[in-house]
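Please read these notes with the structure open beside you, and look up each residue as it is named. The points go from charged pairs to aromatic rings and then to a sheet.

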Amino acid sequence: MTDVIIEQATDILRLNDRGSYTVPTSGLYPFQWNWDSALSALGFSHFDESRAWTEIDTLFAHQWEDGMVPHIIFHEEDDGYFPGPDVWQTNRPIPTSGITQPPVTGFAVKRMFDRALDRALAEERARALLPRIHAWHEWFFRCRDPEATGLVAIIHPWESGRDNSVDWDQPFAAVPTEGVEPLRRRDIQHADPSHRPTDDQYKRYIWLVQKFRSLGWDNAKLHDASPFKVVDPGFNAILLRSCADLADLADTLGEAEIAEASRNRVAVGIPALDALWSDTFGQFLCLDRCNGSLIQSPSIGGLLAAFAPISQERAVSLAKRIVDLSTRCGYLVPSHDPVAPEFDSLRYWRGPVWLIVNTMIANGLDQAGQGDVADQIRTDSVRLIRQSGFAEYYDPISAEPCGGEHFTWTAAMVIEILKLHGEKA
Ligand code: GLC
């Protein structure tokens with residue numbers, strides 16, 4: 001059975017492979033997405049190491065001169081997606097969006113390097129990627145943490161990768177909707193509208209894009225100019241984990257300066273992250289940087305903090321919190337607490353389970369010695385696949401498959417889980 005699932009997952013990766021990059025799924029997402037590629041490369045690395053490295057190389061071939069790696073690369077024209085290059089207007093030779101996504105590449109590249117069978121290839125590709133990934137990390141601290149707090153802000157919900165999380169409801173109130181160009185939504189033609197963000201949210205997403213566009217996508221200006229600035233614990237955990245992994249990789253490759261700079265980021269960032277802890281919820285919360293308050297929203301962003309090298313005490317508390325959540329759903333980990341009034345079991349990041357986040361949380365819990373809870377998360381992930389196939393996301397109560405089908409990163413995570421933990425999952 002395990003072999004059959006791995007075979008089906010491999011077929012999905014091949015189906016969505018466009019040669020040098022992979023689309024998340026055809027139709028709904030016809031281009032290359034940033035963190036999708038980093039995580040999907042892990043799936044490829046189990047059966048084609050060279051192709052896995054190419055996925056990351058292609059992503060970094062579109063890195064901006066200032067160090068940012070964009071969230072979408074529009075390799076080919078396709079009017080089946082909104083907002084397309086005509087809305088972003090970033091003025092690049094191959095069009096890209098103008099914002100970024102969770103920087104999980106440092107983690108992925110270290111993992112691919114450590115387990116590579118072709119050592120010469122791994123060394124060559126990792127050595128070339130190392131300074132580029134480091135430049136991206138430094139871009140974050142320069143452009144998204146101008147006051148050097150140790151944590152970075154996202155300036156658009158799409159940067160978090162958790163597009164319509166309940167976390168953004170309150171800070172979104174500060175984003176206007178007047179003057180927004182007419183929406184030409186395509187997503188609701190490809191997927192069930194009740195599984196997707198609302199029009200009101202889309203207006204605010206596009207308002208921010210128009211605002212940043214009017215500033216010429218100059219990252220020296222965007223952070224301060226944005227009415228939406230949120231410090232997301234999940235996003236920062238991914239960045240800090242990638243810095244820690246990059247430091248180790250840099251040591252192995254003899255790049256002492258990158259190692260030291262990356263380690264310093266972790267040393268400052270982890271205590272800063274702790275200020276986002278909430279005893280009331282037993283997890284981390286987002287901080288609204290525009291008004292300095294913690295957003296009282298028990299989302300999966302605060303659980304994803306387990307991915308970073310946080311203290312043992314916090315990791316144990318997060319493990320407990322996840323066990324507690326398991327009493328309120330059939331499948332871990334819901335993207336929002338089912339007891340919260342905003343919980344919506346079908347709507348994107350307001351309740352459903354996503355396998356990529358599951359895999360990262362489980363990995364963090366393993367590192368913190370919380371392997372039992374990590375195993376429970378992985379077992380639930382595989383149960384979802386057996387029951388409902390390779391969907392974009394799933395209802396945490398009924399296991400209903402939601403969003404797009406034949407989804408690349410879902411397939412990649414299944415390969416990763418079954419190859420590394422097959423027996424237990
Ligand atoms: C959605 C998700 C985002 C992902 C993209 C492509 O926008 O919220 O995290 O990267 O789809 O799969």
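1. A salt bridge is counted here when a side-chain nitrogen of Lys or Arg lies within 4 Å of a carboxyl oxygen of Asp or Glu. By this rule the structure has 35 salt bridges. The model is a predicted one, in which local features need pLDDT of at least 70 and side-chain atom pairs count only at pLDDT 80 or more, while totals for chains, interfaces and linings use all residues. Residues are numbered from 1 along each chain as its sequence is written, and side-chain values use heavy atoms, with hydrogens and water left out.

2. Start with Arg51 and Glu55, which form a salt bridge whose closest N and O atoms are 2.9 Å apart. Helices (H or I, at least four residues) and strands (E, at least two) are DSSP runs, numbered from the N terminus. Arg51 and Glu55 are four residues apart in helix 3 (residues 49-60), so about one helical turn separates them. For accessibility, buried means under 20% relative accessible area, exposed means over 50%, and partly exposed is in between, with a 1.4 Å probe and protein chains only. Arg51 counts as buried because its relative accessibility is 7%, and Glu55 is likewise buried, at 0%.

3. Which side chain meets Asp199 in a salt bridge? The partner is Arg185, at 3.0 Å from N to O. This pair links distant parts of the chain, since Asp199 belongs to helix 10 (residues 199-214), whereas Arg185 is in the loop between helix 8 (169-172) and helix 9 (187-190), 14 residues apart. Asp199 is partly exposed, with a relative accessible area of 42%, whereas Arg185 is buried at 9%. Both residues also belong to a network of salt bridges that links Arg185, Asp187, Arg196 and Asp199.

4. Helix 10 also holds Arg204 and Asp200, which lie four residues apart, about one turn of the helix. Their salt bridge has its closest N and O atoms 3.2 Å apart. Arg204 counts as buried, at 16% relative accessibility, while Asp200 is partly exposed, at 38%.

5. Turning to aromatic residues, rings of Phe, Tyr and Trp (its six-membered ring) pair if their centres lie within 6.5 Å; planes under 30 degrees apart count as stacked, over 60 as edge-to-face and the rest as tilted. The structure holds 29 aromatic pairs. One of them joins Tyr29 and Trp33, which are edge-to-face, with 5.1 Å from centre to centre and 70 degrees between the planes. Tyr29 is buried at 8% relative accessibility, and Trp33 is buried at 5%. Both rings belong to one aromatic cluster, whose members include Phe31, Trp35, Phe74 and Trp409.

6. A charge sits over a ring if NZ of Lys or CZ of Arg is within 6 Å of the ring centre and within 35 degrees of the ring normal. The charged end of Arg119 sits over the ring of Phe113, 4.7 Å from its centre, and Arg241 lies over the face of Phe307, at 4.7 Å from the ring centre.

7. Finally, two strands pair if DSSP finds at least two bridges between them. An open sheet of three strands has the order 3-6-7, with antiparallel pairing. Its edge strands, strand 3 (230-231) and strand 7 (293-294), each pair on one side only. Strand 6 (residues 287-288) runs antiparallel to strand 7 and is joined to it by two bridges; Asp288 has Ser293 in strand 7 as its bridge partner.
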